[in-house]
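Here are some notes to go with your first look at this protein. Keep the viewer open and find each residue as you read.

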Amino acid sequence: MFNPLDITGDSRVTIAGREISALSREKTIVLALIIQLFIAAFSSFLVVGLTSLYDPGSAGGEIEVGVSGDQQDKLLDAIAQSDSVSATVYESRAAALEAFENRAVNAALTARSKQTEQGNRIAVDAAVPAESLETTLIVVTLRDLLSDLEDSERSVRTEYLEFSPVEIADDPAGTGSDFTQYFSFTYTILLPLLLFLPPFISGSVVVDSVTEEIERGTLELLRVAPISLTDIVDGKAFAMILLAPLQALLWIALLQFNDIPISYIPLLALLVLATATITTAIGLLLGLLTGTRQKAQLLYSMIVLLLFGGAAALPEHPATTAALLAVDSPTVTTFAHVAGYTLVAIAGYAVIRWYVGRLDPESL
């Protein structure tokens with residue numbers, strides 16, 4: 001039978017085309033792809049709403065704080081620049097805490113001088129509600145307020161530093177304080193989600209494909225043709241390995257269409273390709289070893305989650321590597337990680353092919 005995806009006459013390409021065609025019948029996979037497509041296509045709209053979940057402080061709402069202490073003027077100056085905090089001044093910390101206990105204010109802040117070996121510092125003691133629905137919003141809002149106070153003090157004390165601080169780039173979109181949280185959410189949450197989901201899905205699809213052939217006995221039918229077990233495995237793997245970076249490139253194109261700039265696109269595609277190769281190799285090995293879909297899928301999910309979580313022990317997590325490449329801020333470590341993932345992917349797949357070559361097909 002003629003396969004339009006096979007233009008080379010290679011049996012592995014025929015099998016790869018068969019696997020891609022079969023994806024349309026997998027409703028779960030199709031739904032996952034549609035969701036990713038929707039996220040990438042409407043990212044500029046979704047990022048605004050999702051940022052409210054990622055950073056509750058972006059949801060707005062003003063809180064009232066009681067302020068006291070000998071450095072309260074510095075704190076009041078920072079509050080004056082905030083749209084989400086208003087202040088009531090108290091003569092002492094005890095008075096501010098009493099107002100807090102009586103629910104006259106949402107939180108109590110005491111700004112005081114503190115002598116350290118490095119010189120005079122400003123210490124801020126905060127009292128906030130414990131375990132209430134408003135606690136998260138108050139904590140996030142106060143965190144942003146104190147960060148603004150810290151930035152202000154750093155600017156004032158710059159002339160006393162023995163080194164030159166790194167200047168922060170201006171907000172190109174003129175979005176003000178919201179720029180940082182949108183930037184952070186887009187490149188540290190949204191982009192890694194879109195880049196690493198396709199490789200994870202590829203490995204899961206390979207697990208289903210291999211175990212389904214074994215359980216239904218159709219693997220023997222494939223072997224009736226003059227092709228080896230290695231060719232069959234290659235065809236199944238290549239389809240899923242190559243599909244992941246193609247998806248990633250499409251998601252990147254849609255992000256750029258939504259005015260989200262992405263740098264180092266070839267290296268990002270290579271990172272996705274390497275990740276897809278690793279996950280696919282894991283899926284192939286588990287499918288061949290277990291021969292049953294449920295057991296293989298459970299093991300695959302556990303192993304992939306452990307590996308992705310364990311990557312936090314590396315100098316850079318894969319998500320961090322992707323973010324640094326995307327924002328055009330890679331380091332030598334970033335490039336080394338991409339090279340390392342690529343070498344691991346090549347070695348891992350070579351081991352799988354060696355194992356398949358020594359495997360007795362009759363044992364499956």
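1. Start with the parts list: the protein has 13 helices and 4 strands. Keep in mind that this is a predicted model.

2. Next, the overall numbers. Of the 364 residues in the protein, 40% are buried. The protein exposes about 20300 Å², and carbon and sulfur atoms supply 62% of that. Now take contacts between residues at least 6 apart in sequence: 68% of these join residues at least 24 apart.

3. Now zoom in on helix α5, which covers residues 93-101. Which residues of α5 are buried? They are Ala-96, Ala-99 and Phe-100. If you look down the axis of α5, these buried residues fall within an arc of 105°, so they line one face of the helix. The spacing makes sense too: an α-helix has 3.6 residues a turn, so residues three or four places apart point the same way.

4. On the face away from its buried side you'll find the exposed residues Ala-94, Glu-98 and Glu-101. After α5 comes Arg-103, and its phi is positive, near 65°.

5. Move on to helix α11, residues 293-310, where you'll find Leu-307. Together with Leu-299 and Ile-303, Leu-307 makes a nonpolar surface patch of about 230 Å².

6. Last, the aromatic rings. How many aromatic pairs are there? The count, taking ring centres within 6.5 Å as a pair, comes to 4.

Methods. Residues numbered from 1 in each chain as written. Predicted model: local features only at pLDDT ≥ 70, side-chain atom pairs only at ≥ 80, totals over all residues. Heavy atoms only, no water. Patch = residues over 30% accessible without salt bridge, like charges linked within 9 Å, V, L, I, M, F, W, Y side chains within 5 Å. Areas by Shrake-Rupley, 256 points an atom, 1.4 Å probe, with all protein chains shown as cover. Salt bridge = Lys/Arg side-chain N within 4 Å of Asp/Glu carboxyl O. Helix = DSSP H or I, 4+ residues; strand = E, 2+ residues; numbered from the N terminus. Buried < 20%, exposed > 50% of the residue type's maximum accessible area, 1.4 Å probe, protein only. Arc of directions from axis to C-beta. Phe/Tyr/Trp six-rings, centres within 6.5 Å; stacked < 30°, edge-to-face > 60°. Contact = heavy atoms within 4.5 Å.
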